[in-house]
Amino acid sequence: MQEFLRPTAFIDSAAPNVVAFARQAVGAETDSVARAVRLYYAIRDGIVYTPYCDFRALDTFRASAVLARGHGFCVGKAAVLAAVARASGIPARVGFADVRNHLCTPRLRELVGGDVFYYHGYTEMAVAGQWVKATPAFDRVLCDKFGVRPLEFDGRADSLFHAYDRNGRRHMEYLRDHGAHADVPVAEIVATFAREYPRLMDNGSTVSDRQFRKEAEESA
């Protein structure tokens, strides 16, 4: 378990802002399950989700940098949750899966070239004697705009994207799991994105972090 408590290049849990954020989020809570739950909601709703990032920049994947910016995509937010968990004494790692997102916005679908998203990121935390998955990607505001139920997390059961939205439409479908990692495999992710999403790689960094919320509202 020590491997999943140590800081790494991208899950930099010893960074001052990560440590400070973790302390503020958990407060005086001593129960590990309750601490994990507090951290999950603090990251889910405290960091704006955007798929438009500079995927060639290492700080896009580094927890302390994402936390400092206040916005990031699924992998960055998963790294932040893992980092604050480790800073709170909770073993944590990051996991990845290829998914089909049926509620992608038209603009993002055009840049991606379809609705398959590779290396969708989530976090695994060891609490109450077991590993549980938590997906802090979509914040509550974005979920409301999409008409998607925000993912809840109780610290005991896996929290993954719902198969259907509030109106019964298909939302997220898991296609392939890449397993869990002690650190973010940035080289693999960037190589995959460069091969599969050349237009997103070229255009993602030029878009405002609030643009995706606007697109979600327009396409809902």
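This is a predicted model: local features need pLDDT of at least 70, side-chain atom pairs count only at pLDDT 80 or more; totals for chains, interfaces and linings use all residues.
**Entry 1. Salt bridges**

I searched the whole structure for salt bridges and got 16. Side chains of opposite charge can pair when their charged atoms come close. I then went through some of the pairs.

I looked up Asp-59 first. Its side chain meets that of Arg-62 in a salt bridge, with 2.5 Å from N to O. Asp-59 has a relative accessible area of 37%, so I noted it as partly exposed.

Next I took Glu-217. Its salt-bridge partner is Lys-145, and the closest N and O atoms are 3.5 Å apart. Which parts of the chain does this pair link? Glu-217 sits in helix α9 (residues 211–219) and Lys-145 in helix α6 (residues 140–146). The two residues are 72 apart, so I logged the pair as a link between distant parts of the chain. Lys-145 is partly exposed, at 24% relative accessibility.

Glu-196 and Arg-195 make another salt bridge, at 3.1 Å from N to O. I checked how open each partner is. Glu-196 is partly exposed at 29%, whereas Arg-195 is exposed at 55%.

I also found a network of salt bridges. It links Arg-44, Asp-45, Arg-140 and Glu-152.

**Entry 2. Cavities**

Rolling a probe the size of a water molecule over the atoms shows where empty space is left. I searched the whole structure and found two cavities of 30 Å³ or more.

The largest cavity has a volume of about 250 Å³. I counted 22 residues in its lining. Which of them are closest to the centre? They are Tyr-49, Pro-51, Phe-73, Cys-74 and Phe-117. Two elements give two or more residues to this lining, β3 (92–101) and β4 (116–127). The largest share comes from β4, with four residues.

I sorted the lining of the largest cavity by class. It has 20 nonpolar residues, two polar and no charged.

The second largest cavity has a volume of about 30 Å³. Its lining is made up of Thr-135, Ala-137, Phe-138, Cys-143, Arg-149, Leu-151 and Phe-161. By class I noted five nonpolar, one polar and one charged.

**Entry 3. The β4–β5 hairpin**

I came back to β4 to see how it pairs. It runs antiparallel to strand β5 (residues 130–134), over five bridges. Thr-123 stands opposite Ala-134 in β5. β4 and β5 form a hairpin, with two residues between them.

I checked phi in this region. Ala-128, in the turn, has a positive phi of about 55°, although it is not a glycine. It is partly exposed, at 48% relative accessibility.

Tyr-119 also has a positive phi, near 55°, and is again a residue other than glycine. It lies in strand β4. Is Tyr-119 buried or exposed? Tyr-119 is buried, with a relative accessible area of 8%.

**Entry 4. Cysteines**

A disulfide is a covalent bond between the sulfur atoms of two cysteines. I searched the whole structure for disulfides and found zero.

The cut-off I applied is 2.5 Å. Cys-53 is buried, at 7% relative accessibility.

I then checked Cys-104, which is in no disulfide. Its nearest cysteine sulfur is that of Cys-74, 12 Å away. Cys-104 is buried, with a relative accessible area of 9%.

**Entry 5. His-162**

Last, I looked up His-162. Where is it found? His-162 is in the loop between α6 and β6 (172–181). Its relative accessible area is 31%, so I marked it partly exposed.

I took one distance from His-162. Leu-151 is 11 residues away in sequence and 7.7 Å away in space, C-alpha to C-alpha. Leu-151 is also one of the residues that line the second largest cavity.

Terms used
Residues are numbered from 1 along each chain as its sequence is written. Side-chain values use heavy atoms; hydrogens and water are left out. A salt bridge is a side-chain nitrogen of Lys or Arg within 4 Å of a carboxyl oxygen of Asp or Glu. Buried means under 20% relative accessible area, exposed over 50%, partly exposed in between (1.4 Å probe, protein chains only). On a 1 Å grid over the protein atoms alone, a cavity is a set of points where a 1.4 Å probe fits but cannot get out, and a pocket is an open set with protein on both sides within 12 Å along at least five of seven lines; lining residues have an atom within 4 Å of a point. Grid points are joined across faces, edges and corners, and a volume is the space filled by probe spheres set on the points. Ala, Val, Leu, Ile, Met, Phe, Trp, Tyr, Cys and Pro count as nonpolar, Asp, Glu, Lys and Arg as charged, and the others, Gly among them, as polar. Two strands pair if DSSP finds at least two bridges between them.
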